[in-house]
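User: I would like to learn how to read strand pairing, nonpolar packing and salt bridges in a model such as this one. Please take the general idea before the particular case each time.

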Amino acid sequence: MQLLSMQLLPKRFLLLLPLLLLPGLLLPGCIGLGYQVGAQSLFGQDVRTVHVPIVEADPTRRHLAERLTEAICKQIEARSPYKVVGRPTADSVLEVRIVEKREQVSLVSPFNDPRQITGDLIVQVRWRDRRDRDLREFDIPLWNERTARVTASDSMVPEFGHSVLTSEQRQIDRIAAQIVGMMESPW
């Protein structure tokens, strides 16, 4: 019985061998044709460093601008191959400006207290290289010719312990994630 199974093993192995070697043979060919493999392939290879200046905002929203700048830098470092550096050594500059911060009461209690507040944070984004050329033409509605408009919304329910600070932080995190997502290479 053992002799029979030993004789069948090489034949089965010879049949499976091409299937096992096929990915190893095709992968170098695909890379040679310009295809890239892995998460690094989502981002362009022409930029290695990004400078993110402090987000522009009016003086009443200064704390919001600093938190948004920090969140964008963290997202770039975590989700992309780019390194955040100072302006003189950067390959590119990512400029962000807070356009508008809105809050509106969406639900009122019988005693006229706000039960639910909805907030929107709207920013403009422009990513350009050292020669002042835009690196991405964003596929979202444009605020003007050279900047993209990014919006994040969140609702706050004070009765459940939500605060303005946590609502703003969720908006900031969503905007930072959207901005880094927009830095990916177009398909």
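The dialogue below takes up strands, then nonpolar side chains, then charged pairs.

User: What should I know about the numbering and the model before I start?

Analyst: Residues are numbered from 1 along each chain as its sequence is written, and side-chain values use heavy atoms, with hydrogens and water left out. This is a predicted model, in which local features need pLDDT of at least 70 and side-chain atom pairs count only at pLDDT 80 or more, while totals for chains, interfaces and linings use all residues.

User: Which strand does β3 join over 15 bridges, and in which sense do the two run?

Analyst: Helices (H or I, at least four residues) and strands (E, at least two) are DSSP runs numbered from the N terminus, and two strands pair if DSSP finds at least two bridges between them. In a regular strand the side chains alternate between the two faces of the sheet. Here β3 is joined by 15 bridges to strand β4 (residues 114–129), and the two run antiparallel; within this pairing, E103 has G119 in β4 as its bridge partner. The two strands form a hairpin with five residues between them, and N112 in the turn has a positive phi of about 65 degrees.

User: In which sense do β1 and β3 pair?

Analyst: Strand β1 (residues 49–51) pairs with β3 (residues 92–108) in the parallel sense, over two bridges, and H51 has V93 in β3 as its bridge partner.

User: Which residues of the largest nonpolar core touch the most other members?

Analyst: In soluble globular proteins, nonpolar side chains tend to be buried together. A nonpolar core is a set of buried Ala, Val, Leu, Ile, Met, Phe, Trp, Tyr and Cys residues joined through side-chain atoms within 4.5 Å, where buried means under 20% relative accessible area, exposed over 50% and partly exposed in between, with a 1.4 Å probe and protein chains only. The largest core has 30 residues, and those touching the most other members are V50, L68, I72, I76, L94 and V123. At least two residues each come from α2 (62–79), β3, β4, β5 (148–156) and α3 (164–182), and α2 gives the most, with seven. If neighbours within four places in sequence are left aside, the contacts of V50 (heavy atoms within 4.5 Å) include I76, L94, W127 and M183.

User: Is L20 buried or exposed?

Analyst: L20, which lies in helix α1 (residues 2–32), counts as exposed because its relative accessibility is 61%.

User: How many salt bridges are there, and how should I read one?

Analyst: Side chains of opposite charge can pair when their charged atoms come close. A salt bridge is a side-chain nitrogen of Lys or Arg within 4 Å of a carboxyl oxygen of Asp or Glu, and by this rule the count comes to seven. One of them joins E168 and R67, whose closest N and O atoms are 3.1 Å apart; E168 lies in helix α3 and R67 in helix α2, so the pair ties together parts that are 101 residues apart in sequence. E168 is buried at 9% relative accessible area, and R67 is buried at 17%.

User: Where do E70 and K74 lie?

Analyst: Both lie in helix α2, four residues apart, about one turn of the helix, and their side chains meet in a salt bridge at 3.1 Å, N to O. E70 is partly exposed at 43% relative accessible area, whereas K74 is exposed at 53%.
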